[in-house]
Amino acid sequence: MQLAETTKPTRVSRAGGAVVKSILPWTIPILIIIFWQIASSIGLIDASVLPGPWAVVKTTIQSAKTGVLERNMAISLYRAVSGFIIGGLIGFILALCTGLSKTLNLLLDSSVQMLRNIPHLALIPLVIIWFGVGEASKISLVAIGVLFPIYINTYHGLRSVDPKLIEMGRSYQLSKWELFRKILLPGALPTILVGVRYALGVMWTTLIVSETIAASSGVGYMSTNAQNFMDMPTILMCIVIYAILGKISDLMAKSLENSLLQWQHNGMED
């Protein structure tokens, strides 16, 4: 009986703690929005400079009704996902080559590191000359931006695996594939996933810039077009959309990280 009585408050306290943890991350954004709306309503903030949240919401609803918002969001998502997959695969494969082979490391790593230090947004004029102003140029820019965070984190993860674990795997006569699958990849996975989360942020930053230069569609184009007409609610709507898309992609990456690294969390709890 005493055990049941002591267990119940513990469960309640855990449930309360879970609720607090879910609410806390949203506290500051909600307070900012409330203060922003109040300041806009009482005229503390000039609506022509910074419209209130309700004006942004009304603009979003209107754009959604006409179908303009959905169409441009779909185009932006297509560019972001395509560039992320292409750049991520290239960066991952390059990191495998340089991280697992001493010869390829000597051959490729210094060149990749040299290219990594070039700001990828500085390549915009070159990319436009090569690929024009169509989809290829925007996807290429996103791919270049994503490539290097994936590469450097995957390479670092593979190089940081405990040598004792590798020796132990060899002593058990594991094949190269088994050694990679059972020791190298699990050991490098935390660092690789950090690279994925960082690359997602670079992806959205690059997409915003690419869509504001010589574009005729996408969320960035909507923002640039609204700037020409001083349409502040639409500009803020586009900024909020990018922020929401970035947050959703980060939450997805974090969820993937938690599921793939569950063994790590279990080990810490034990």
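Predicted model: local features only at pLDDT ≥ 70, side-chain atom pairs only at ≥ 80, totals over all residues.

D250 belongs to helix α10 (residues 232-260) and R197 to helix α8 (residues 176-211), so the bridge links distant parts of the chain, 53 residues apart.

D250 has a relative accessible area of 22% and is partly exposed. R197, at 28% relative accessibility, also counts as partly exposed.

## Network around R79

Shared partners join the salt bridges of R79, E135 and E211 into one network. The structure holds five salt bridges.

R79 forms a salt bridge with E135, where the closest N and O atoms are 2.8 Å apart. Because R79 sits in helix α3 and E135 in helix α6 (residues 135-159), this pair ties together parts 56 residues apart in sequence. R79 counts as buried at 1% relative accessibility, whereas E135 counts as partly exposed at 31%.

E211 and R79 also meet in a salt bridge, at 2.8 Å from N to O. This pair links helix α8, which holds E211, with helix α3, which holds R79, across 132 residues. E211 is buried, at 1% relative accessibility.

## Contact of α3 with α9

The axes of helix α3 (residues 68-100) and helix α9 (residues 219-228) come within 7 Å and cross at roughly 125°, which means that α3 is oblique to α9. On α3 the contact is made by V68, L69, N72, M73 and S76, and on α9 by V219, Y221 and M222. By class, six of these residues are nonpolar, two are polar and none is charged.

How values were computed:
Residues numbered from 1 in each chain as written. Heavy atoms only, no water. Axes fitted to C-alpha atoms, helices over the stretch in contact; angles between N-to-C directions. Helix = DSSP H or I, 4+ residues; strand = E, 2+ residues; numbered from the N terminus. Parallel < 35°, antiparallel > 145°, perpendicular 65-115°, else oblique. Contact = heavy atoms within 4.5 Å. Nonpolar A, V, L, I, M, F, W, Y, C, P; charged D, E, K, R; others polar. Salt bridge = Lys/Arg side-chain N within 4 Å of Asp/Glu carboxyl O. Buried < 20%, exposed > 50% of the residue type's maximum accessible area, 1.4 Å probe, protein only.
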